[in-house]
Amino acid sequence: MSPEITKHNGKLQSGPLRSMPPPSSFTPVTPHLAISPTVSVVVPAMNEAENLPHVFATIPQWVDEIVLVDGNSVDDTVAVARRLRPNVKVVTQTGKGKGDALAAGFAACTCDIIVMIDADGSTDGREIINFVGALVTGADFVKGSRYAAGGGSDDLTLNRRLGNKVLTGIVNVMYRTQYTDLCYGYNAFWARHLDVLDLDCDGFEVETLMNVRAAKAGLKVHEVPSHERNRIHGESNLHVVRDGFRVLKTILKEWRRQPSPPQPEPTATPAADRGVA
């Protein structure tokens with residue numbers, strides 16, 4: 001326990017001590033840092049057996065739950081995942097597309113925080129601590145940005161860069177946001193906000209949908225720098241023109257949709273006690 005120190009008439013005074021969570025509720029991250037919320041990582045994958053060893057190797061051991069959403073792979077994606085992490089939770093996708101896969105994965109999560117990363121090796125699991133750190137210090141939704149100071153990309157083509165810039169600008173004007181990177185698949189949020197995000201799309205427009213709905217609902221959105229790497233093996237299913245139009249359609253459609261109210265923060269544990277120790 002630590003005293004709350006205040007100043008009254010120029011004199012320091014100690015207030016009542018606030019209770020701290022028991023040490024068992026914190027998960028060690030480094031010798032100097034621990035977190036109390038539990039963390040799920042959702043990895044949508046289809047025929048990514050060659051990439052999973054690298055991807056799983058970057059996910060910190062303190063992550064409580066890995067949810068692999070298998071898009072009916074014809075390779076050894078599921079077998080490799082189970083060999084790498086015997087406790088991995090495997091969800092078999094019944095629909096198609098990244099949006100559908102993420103919705104299925106989110107529904108299977110049981111932890112306080114949900115992080116979404118890609119299975120192609122482009123997102124670095126070692127950055128998860130940055131997302132979790134932003135959440136436990138006050139954010140509701142944290143989005144990775146390749147354009148924030150410290151971020152970058154090895155994979156952005158000129159067409160993708162231009163399209164992302166235009167679409168990000170449209171969202172910033174329409175929804176009064178200050179996003180620097182709209183179409184990036186590295187995001188994290190408190191699980192209690194799942195109803196606000198309410199994923200109901202199939203494709204790569206899912207990141208845009210989440211960013212727009214988070215803003216419309218008044219969630220505290222924070223960007224953290226992230227470096228996107230090249231896909232290690234295989235080819236991407238992203239089609240710049242087709243998926244760009246799907247993103248634009250989503251932006252315009254959401255303009256007419258009423259936002260869902262955000263869920264209040266749980267009051268069982270004081271906010272000051274839930275997070276970094």
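This tour visits selected salt bridges in a predicted model. The structure holds 12 salt bridges, and the stops below cover some of them.

**First stop: Lys-98 and Asp-118**

Select Lys-98 and Asp-118 and display their side chains, which meet in a salt bridge with an N to O distance of 3.0 Å. The pair links distant parts of the chain: Lys-98 belongs to helix α3 (residues 98–108), while Asp-118 sits in the loop between β8 (113–116) and α4 (128–136), 20 residues apart. Lys-98 has 13% relative accessibility and therefore counts as buried, the limit being under 20%. Asp-118, with a relative accessible area of 15%, is buried.

Lys-98, Asp-118 and Glu-207 are linked in a network of salt bridges.

**Second stop: Arg-213 and Asp-200**

Centre the view on Arg-213, a buried residue with a relative accessible area of 3%. Then select Asp-200, which forms a salt bridge with Arg-213; their closest N and O atoms are 3.1 Å apart. Asp-200 lies in the loop between α6 (194–197) and α7 (206–216) and Arg-213 lies in helix α7, so this pair ties together parts that are 13 residues apart in sequence.

Because Glu-254 is in helix α8 (residues 240–255) and Arg-213 is in helix α7, the pair ties together parts that are 41 residues apart in sequence. Glu-254 is buried, its relative accessible area being 2%.

Conventions:
Residues are numbered from 1 along each chain as its sequence is written. This is a predicted model: local features need pLDDT of at least 70, side-chain atom pairs count only at pLDDT 80 or more; totals for chains, interfaces and linings use all residues. Side-chain values use heavy atoms; hydrogens and water are left out. A salt bridge is a side-chain nitrogen of Lys or Arg within 4 Å of a carboxyl oxygen of Asp or Glu. Helices (H or I, at least four residues) and strands (E, at least two) are DSSP runs, numbered from the N terminus. Buried means under 20% relative accessible area, exposed over 50%, partly exposed in between (1.4 Å probe, protein chains only).
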